[in-house]
Amino acid sequence: METPKVFESEYRFCLILWEHEPIKSSELVNLCKEQLGWKPTTTYTVIKRLSEKGVLKNENTIVSSLVSKDEVQASEINEMVEKTFEGSLPAFIAAFTKHQKISDKEIDEVQRMIDRFRKGE
Amino acid sequence: MTEFFLNVVNMSISASWLVCAVLLLRLLLKKAPKWINVLLWGIVAVRLICPFSFESVLSLIPSSQTINPEIALNAPVIDSGLTIIDNVINPIIGEATISLQPEKDVNLFQFIMPYLAGVWLVGIAALLIYTLISFLRLKRKIGTAVLLRDNIYQSEAVVSPFVLGIIKPKIYLPFNMNGQDMDHVIAHEQAHIRRRDHWWKPLGFAVLTLHWFNPMVWLGYILLCRDIELACDEKVVKELNNEQRADYSEALLACSVNRRMIAACPLAFGEVGVKDRIKSVLNYKKPAFWIIIVAVIASIVTAICFLTNPLNKGFSIEPKSDFDIYEIEKHYYDKVVGADIANESDGYYDIAITKDMFLYKYFKAQGGTIDNSWIDIGKLVKQEDTTVIEALIKDNIPVKYKFFGIKEFYVALDESEIQSASCVIIMNNGDILFANIPAYTTENRYVSNLMKLKIKNSEIQNGTYKLSKEIYFNGAYSYVPDLENDKFEIKTNGGMHIYHFTGEVLSTGARYEEVKLNKSNFSDLFDNMEIWSADINLEDLLKNNKKAWCHNTPDDIGGYPYMLLLQKDGTLCMIFADFENGAPISIRYVYELEYTANIENGFDNSSMELYDLGYSLQVIVETYEMTTQFPDKTENFTFDVRNGTKGNLPNGANFEITECDLQTGRLTIQLSGTALHSTSQAEHTILNEIIVEQDSDGITLSDNGNKQFFTFRFIEINQNHDESGSQ
């Protein structure tokens, strides 16, 4: 079976699981709150998601992993933030997002600007 | 709601001038710290949401009320403060009409206003819903963000760092940032939080939703976002040395490079180009102290010039035509009834102000003591000192008026011994209040009524109508309206007047009062449910009804035009009813009315004499002749006319001595004045009698109320001409 891919945040969760498994889901929730800052609902959602992916199993409220640390591909997946709300109207986000279509040429230009500055020009 | 919308539009227009000024200032204050720019946008925001303002001569806003809601809805005209704009737009909106029914044009401007208000509301709702949905989706995506420390989280869903949250703001970073970059980014986001940008930006957006239709506001918002970023950069970079600045710039660059994974990402509103930001960062120099001072002063001056409104120039209570009629919109205080009164008009009156500033009242009480005529109260005289009236009314006016203050006030005093005053008070925002103040000239004065006036408008086009569609017809009667020759003339200034012509002969003409339809005055009078036309019935008439006017004291005859209905779709219906003992007992016919002509073209001249067109401002001239006697009918004496031969009567009319015969001693005096009268009244007089009294010194003229108004002194011709003169 192909090793399931997990997101980085899910990976962090798995680290906790591997360290404490098998563990009651309620205790897992507490650990996640402490170490990850997750709300209980978030933890349960992740447990459900990962169990669907086949990464762990949750039987009678005891959670245990189905794959080992080595097997899981530490994620290089970044969940793409959809374009619809990225930097669009939702300025309710005190979103100091900085995005712009910056071309290679511009990147080089800017880098040169910075380098010159470092040299004290 | 339409009025509220128009107020928002006015605020938007006022603010647009301010945006222009801010744009200019931003250019001039390039060297000033960027937080000044954010401050300037703050001033713009205040202008966009605050409806109240002070008037000041320093105001640079061309007009605070480009579209006056009352005027716009009645006689479309704008006052933008720039004559050029007014002259182009006003003719267009004045003339633009839309035909709803044949021969019945409605002004386009007035017609679409409510629809525009609706579109505005829909726009706001759409923006808010879109924002809400986007917010919720984002929240969901970053639900699994992992706590790094304090209030900083990391998530794979974050590509570009941001702050989220208004009460407990949290910083969200991507995973895999290198340590140095991360420090700078965190410093930047924390600077945002310290500057409270997580409040300003949403607030700005909220203001934007209200003014979404104004491109200047969008421009302001975009620039606000840019300025916030730049101000934030400055705050961070201030503390950094050159090396650190270079690092900071690289962090900025790195963040934007990451973005390249995202395909065509639209340039977001308010986001500054990375290149420009880096340039600013590298070139940042702490601004000289004096520049900051100059910038702050410039901001204060801008605030004064643009947050205040221009003096209400040109607003005047003087009627533009012969007279203006006002009705009572709200009661604020009534000493007899008590402070809390419902908005009843019974027992109250309409008010007219004529071209020469005379005040008249028309009492509306049924079967009133005054027989359908205007009562002359007196001439309105502008008072310079408003402290008296302010003290009198301050307890009874709504809070907003205390804020606005009194702009002008006029008093018409009656002629009794204890002069009571009728006062017209104009507030700084253009509202007109009216107060009755008994014993005004004494220390015991008090306010007996205080109310707000509003110009009477009419939704019905004045003119001639004939009967068109039959809606309800009881054929049992011999008198049947004649579709060809029955005409109605409706005239609405000064109240609803309807004249009924049958074959060019005036059969009835009267004033109708507005009523609410109910069972006893309407529904129960339809006693035969089978004689309705196929497509309309009683329920339809009621449901579609907007306003109704009823004849109050008709004669006891059958088939009388009893009520006029104005329906929501603009149609007019005439109701004919039978009467007994002055009350309607059953309805005979209901017809729709169809407009045929303007009032001027309604009837030929022969019939003009037969009826009363309502009210008009009459110019009355009366001449009196009297003979005086000189003490010595020789040439030794003459009249001292140093003070002229003209003057004013106490009631304001003008008088002039037109002839003065020294031989015979005959004086001819001409009185002229204007009065608001129903044209059906036969005679009008200015004065009933002039009394001439003569003694050895001269002649005194007084009116029949024994008020002297002129004195002619005799002087001996050969004597010094500076003997005591006349009054």
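This is a predicted model: local features need pLDDT of at least 70, side-chain atom pairs count only at pLDDT 80 or more; totals for chains, interfaces and linings use all residues.
Me: What pattern of helices and strands does chain A follow along the sequence?
Reply: Chain A has four helices and three strands. Placed in the order in which they occur along the sequence of chain A, these elements give the pattern α-β-α-α-β-β-α.

Me: How many strands does the secondary structure of chain B hold?
Reply: Chain B is made of 727 residues. Its secondary structure includes 15 helices, and the number of its strands is 31.

Me: What share of the residues of chain A counts as buried?
Reply: A residue is buried when its relative accessible area is under 20%. In chain B, 49% of the 727 residues count as buried. Chain A has 121 residues, and the share that counts as buried is 46%.

Me: What percentage of the accessible surface of chain B belongs to carbon and sulfur atoms?
Reply: For chain A, the accessible surface is about 6,700 Å², with 49% belonging to carbon and sulfur atoms. For chain B, the accessible surface is about 35,200 Å², and the part belonging to carbon and sulfur atoms is 54%.

Me: In which helix do Glu52(A) and Lys48(A) both lie?
Reply: Glu52(A) and Lys48(A) form a salt bridge, with their closest N and O atoms 3.7 Å apart. Both of these residues are exposed. They are four residues apart, about one turn of the helix, and the element that holds them both is helix 3 (residues 40-53) of chain A.

Me: Which residue of chain A meets Glu250(B) in a salt bridge?
Reply: Side chains of opposite charge can pair when their charged atoms come close. In this case the N to O distance is 3.4 Å, and the partner of Glu250(B) is Arg118(A). The pair crosses between chains, from helix 9 (residues 242-258) of chain B to helix 4 (residues 104-118) of chain A, where the partner lies: Arg118(A).

Me: Is Asp524(B) buried or partly exposed?
Reply: The side chain of Asp524(B) meets that of Lys519(B) in a salt bridge of 3.5 Å, N to O. Lys519(B) is exposed, with a relative accessible area of 57%. A residue is buried under 20%, exposed over 50% and partly exposed in between. Because its relative accessibility is 47%, Asp524(B) counts as partly exposed.

Me: Which residues of chain B are in contact with Tyr477(B), leaving aside its neighbours within four places in sequence?
Reply: Tyr477(B) lies in the loop between strand 16 (463-473) and strand 17 (486-491) of chain B. Its C-alpha is 10.0 Å from that of Tyr589(B), although the two residues are 112 apart in sequence. With the neighbours within four places set aside, the residues in contact with Tyr477(B) are Asp578(B), Ser586(B), Arg588(B) and Tyr589(B).

Me: What is the relative accessible area of Lys286(B)?
Reply: On the surface, Lys286(B) gathers with Arg194(B), Lys235(B) and Lys238(B) in a patch of positive charge. Lys286(B) is found in the loop between helix 10 (274-283) and helix 11 (289-307) of chain B. A residue is exposed when its relative accessible area is over 50%. Lys286(B) is therefore exposed, with a relative accessible area of 67%.

Me: What is omega for the peptide bond from Glu21(A) to Pro22(A)?
Reply: Most peptide bonds are trans. Pro22(A) is placed in the loop between helix 1 (8-20) and strand 1 (23-24) of chain A. The peptide bond from Glu21(A) to Pro22(A) is cis, and its omega is near -10°.

Me: What is the phi of Asp150(B)?
Reply: Most residues other than glycine have a negative phi. Asp150(B) lies in the loop between strand 3 (146-149) and strand 4 (152-154) of chain B, and this residue is exposed, with a relative accessible area of 63%. Although Asp150(B) is not a glycine, its phi is positive, at about 45°.

Me: Where does Arg196(B) lie?
Reply: Arg196(B) is not a glycine, yet it has a positive phi of about 65°. At 37% relative accessibility, Arg196(B) counts as partly exposed. Its place is the loop between helix 6 (179-194) and helix 7 (197-210) of chain B.

Notes: Residues are numbered from 1 along each chain as its sequence is written. Chains are lettered from A and ligands numbered from 1 in the order in which they are written. Side-chain values use heavy atoms; hydrogens and water are left out. Helices (H or I, at least four residues) and strands (E, at least two) are DSSP runs, numbered from the N terminus. Buried means under 20% relative accessible area, exposed over 50%, partly exposed in between (1.4 Å probe, protein chains only). Accessible areas come from the Shrake-Rupley method with a 1.4 Å probe; for residues, only the protein chains shown count as cover. A salt bridge is a side-chain nitrogen of Lys or Arg within 4 Å of a carboxyl oxygen of Asp or Glu. Contact means heavy atoms within 4.5 Å. Patches are made of residues with over 30% relative accessible area and no salt bridge: like charges are joined within 9 Å, nonpolar side chains (Val, Leu, Ile, Met, Phe, Trp, Tyr) within 5 Å. Lys and Arg count as positive and Asp and Glu as negative; His and the chain ends are not counted. The place of a charge is taken as NZ of Lys, CZ of Arg, CG of Asp or CD of Glu.
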